[in-house]
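Please look over the sequence and the structure first. The paragraphs after them go through the fold step by step.

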Amino acid sequence: MGGVTRLVTFVEIDERHTDDRQVSVSARHEAVLADERRVLLLDDRGWAESGPSDIWAYITVDGVASTARTVVGPDEPVRGQTHDDAARAHWASLADVLRREGVVADGDALARLPHDVVLGERLRARLRSARSGGPTP
């Protein structure tokens, strides 16, 4: 198994909690290996935003990508911890996930990897529809 070459976060609408006034998105964070295999790092992340009845008109691809990178970590420090401490703990925990899957990984190296965000088809369609003024898919 090759080393990790990049990180990818896949985001998609969580239809159960999304309507004209609320955006709810789930995020799945993976490591991509040199041989293109993927290892799941986090699948319990996401976020919601609420606002006016045309909230989708204010949601952008860049905003989704930025928020996705934030929600997959590192998290804010807990009491008595610095931002650097929280970041090191986060990357070390992801390296541990990879090691359990047989992938040699170093937290500091993971932190420096490219991190792509891929929007799911339903999310892309909803954003296109909001931009065109068309009906909500």
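**A walk through the model**

His-90 is found in helix α2, which covers residues 83-100; helices (H or I, at least four residues) and strands (E, at least two) are DSSP runs, numbered from the N terminus. With a relative accessible area of 9%, His-90 is buried. Buried means under 20% relative accessible area, exposed over 50%, and partly exposed in between, with a 1.4 Å probe and protein chains only. Leaving out residues up to four places away in sequence, His-90 touches Leu-42, Val-72, Gly-73 and Pro-74, where contact means heavy atoms within 4.5 Å.

This is a predicted model, in which local features need pLDDT of at least 70 and side-chain atom pairs count only at pLDDT 80 or more, while totals for chains, interfaces and linings use all residues. Residues are numbered from 1 along each chain as its sequence is written, and side-chain values use heavy atoms, with hydrogens and water left out.

Next comes the sheet. Four strands form an open sheet in the order β3-β2-β1-β4, with mixed pairing; two strands pair if DSSP finds at least two bridges between them. The edge strands, β3 and β4, each pair on one side only. Neighbouring strands of this sheet are turned by 20 degrees against each other on average, direction ignored. Axes are lines fitted to C-alpha atoms, for helices over the stretch in contact, and angles run from 0 to 180 degrees between N-to-C directions. Helix α1 packs on the sheet and touches β1, β2, β3 and β4, its direction making about 125 degrees with that of β4. Helix α2 lies across β1, β2 and β3 and runs at about 135 degrees to β3.

Strands of a sheet pair through backbone hydrogen bonds, either parallel or antiparallel. Here β1 and β2 run antiparallel and are joined by nine bridges. In this pairing Val-8 stands opposite Glu-30 in β2, and Glu-12 has Ser-26 in β2 as its bridge partner. Strands β1 and β4 run parallel, with five bridges between them, and Phe-10 stands opposite Val-118 in β4. Seven of the 10 residues of β1 are buried, so β1 is largely enclosed by the rest of the structure.

A nonpolar core is a set of buried Ala, Val, Leu, Ile, Met, Phe, Trp, Tyr and Cys residues joined through side-chain atoms within 4.5 Å. The largest one in this model has 34 residues, and those with the most contacts inside it include Val-4, Trp-56 and Leu-123. At least two residues of this core come from each of β1, β2, β3, α1, α2, β4 and α4. Val-4 has contacts with residues including Ala-31, Leu-98 and Leu-113, not counting residues up to four places away in sequence.

Leu-123 is also one of the buried residues of α4, and these buried residues pack against β1, α1 and β4. The expected span of a helix is 1.5 Å times one less than its number of residues. The 12 residues of α4 (121-132) should therefore span 16 Å, and the end C-alpha atoms are 16 Å apart, which agrees.

The last stop is Arg-112, in the loop between α3 and β4. Arg-112 counts as exposed because its relative accessibility is 63%. Arg-112 and Arg-6 are 106 residues apart in sequence and 9.1 Å apart in space, C-alpha to C-alpha.
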